[in-house]
Amino acid sequence: MARIIGTSTDSEQRTQCLKGKDEYNNFSEDLGSLLSNTIVHGDVMEVLKSVPDESFHLTFTSPPYYNARPYSTFENYETYLSFLEDFFRVLHSKTKEGRFFVLNTSPVIEARLSRQHASKRYPIPFDLHPRIQKHGWEYIDDIIWVKPEYSAKNRVGGFAQHRKPLGYKPNIVTEYLFVYRKQTDKLIDWNIRSYPKDVVDRSKVREDYETTNVWHINPTHNKHHPAVFPEELCKRVIRYYSMVGDLVFDPFGGSGVLARMASVEGRSFFLTERNGDYFQYMKNTLERKLFEDVNFQTLSEFESRVISGE
Ligand SMILES: C[S@@+](CC[C@H](N)C(=O)[O-])C[C@H]1O[C@@H](n2cnc3c(N)ncnc32)[C@H](O)[C@@H]1O
């Protein structure tokens, strides 16, 4: 079991983050402010065409897990992998030197058509890994997100009855967070030294922190979206891999949990979401929940904004 170590409370940390947030946002690049606290309704690959290079400090996302949910219908597994590979390539150019990309995925099972067919399990994180590295992302860590067994689909029931070897199928209680850094010969210290001292001070992780790569976090359910991030997962990734005032990107925005947590943690956010219902859900809920204005834009509104620079 992972140990949690810390010296100050969550709310003390939050107050530190929010103090002087605007001040630091003024310090950051003008281009960043065009993207800041913006959610665009559109396909991520279309939206990224208008995003300036080297815009993002951190990306944390959970893409569709092949065709596991109704919001994606890829023709086949190879088409799915190629779509994401293309995304990893473009994301690399939109990310600042030496900064992080944290990808949450897990293998998925395609249900069998009938008792005469076998089910198929796709090892998504492991198939994606070489496609990510190929485009200039350096592998840093793999974090295992563990959920309670009661939240997992029961696969072991058959085995519990027959107890025959070869027919063993464990209940899946894990997902992966693969952590990558945009390749550079500069050390992490170089990234840290690019910030004013007070920003580094305010960004310090003073509260409890996780000491291992095994994170026990309960899943969250939301009746408006079938696959939402738990707030705790976002909070840890944001605190460990970005500084106060940074721009955090979620290309597969869904219900907008990352936007909410970025704002709570004193960071700015940029999200894209292709599905109109989920975009509308974020519009209905986020503005009430955040302390700041959010720019909700269509793809063409966003494109015009970038061109006009206002
Ligand atoms: C796994 S969910 C992400 C949920 C999100 N992490 C949350 O906390 O709510 C993936 C999301 O990506 C969206 N999506 C799928 N393909 C997309 C694309 N090409 N561009 C933008 N969004 C896309 C889906 O509509 C879905 O909401």
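Reader: Which residues are exposed on the other side of helix 6?

Author: This is a predicted model, and in it helix 6 has Ile 124, Leu 128 and Ile 132 as its buried residues. Seen down the helix axis, these buried residues fall within an arc of 55°, so they line one face of helix 6. On the other side of helix 6, the exposed residues are Phe 126 and Pro 130.

Reader: Against which helix and which strands do the buried residues of helix 6 pack?

Author: The residues in question are Ile 124, Leu 128 and Ile 132, the buried residues of helix 6. They pack against strand 4 (95–105), strand 5 (108–110), strand 6 (120–122), strand 7 (137–146) and strand 8 (174–182), and also against helix 5.

Reader: At what angle do helix 5 and helix 6 pack, and how many nonpolar residues has their contact?

Author: Helix 5 (residues 77–94) and helix 6 (residues 124–133) have their axes 9 Å apart and pack at an angle of about 35°. The contact is made by Leu 81, Leu 84, Glu 85 and Phe 88 on the side of helix 5, and by Asp 127, Leu 128, Arg 131 and Ile 132 on the side of helix 6. By class, this contact has three charged residues and no polar ones, while the number of nonpolar residues is five.

Reader: Is Gly 253 buried or exposed?

Author: Gly 253 is found in the loop between strand 11 (247–250) and helix 11 (257–264). Leaving aside neighbours within four places in sequence, Gly 253 is in contact with Ile 39, Leu 258, Leu 271, Thr 272, Glu 273 and Met 282. The count that decides the matter is 26 other C-beta atoms within 10 Å, and because a residue with 20 or more counts as buried, Gly 253 is buried.

Reader: And Thr 298, is that residue buried or exposed?

Author: Thr 298 has its place in strand 13 (residues 295–298), and its C-alpha atom is 9.8 Å from that of Phe 279, 19 residues apart in sequence. There are 12 other C-beta atoms within 10 Å of Thr 298, and because a residue with 12 or fewer counts as exposed, Thr 298 is exposed.

Reader: How many residues of the shell around the ligand are charged?

Author: The ligand is surrounded by 19 residues, of which the closest are Phe 229, Phe 252, Gly 254, Ser 255 and Arg 274. When the residues of this shell are divided by class, nine are nonpolar and seven are polar, and the number of charged residues is three.

Technical notes. Residues are numbered from 1 along each chain as its sequence is written. This is a predicted model: local features need pLDDT of at least 70, side-chain atom pairs count only at pLDDT 80 or more; totals for chains, interfaces and linings use all residues. A residue is near a molecule or strand if its C-beta atom, placed from the backbone, lies within 6 Å of it. Ala, Val, Leu, Ile, Met, Phe, Trp, Tyr, Cys and Pro count as nonpolar, Asp, Glu, Lys and Arg as charged, and the others, Gly among them, as polar. Axes are lines fitted to C-alpha atoms, for helices over the stretch in contact, and angles run from 0 to 180 degrees between N-to-C directions. Helices (H or I, at least four residues) and strands (E, at least two) are DSSP runs, numbered from the N terminus. Two residues are in contact if their C-beta atoms, placed from the backbone, lie within 7 Å. The arc is that of the directions from the helix axis to the C-beta atoms.
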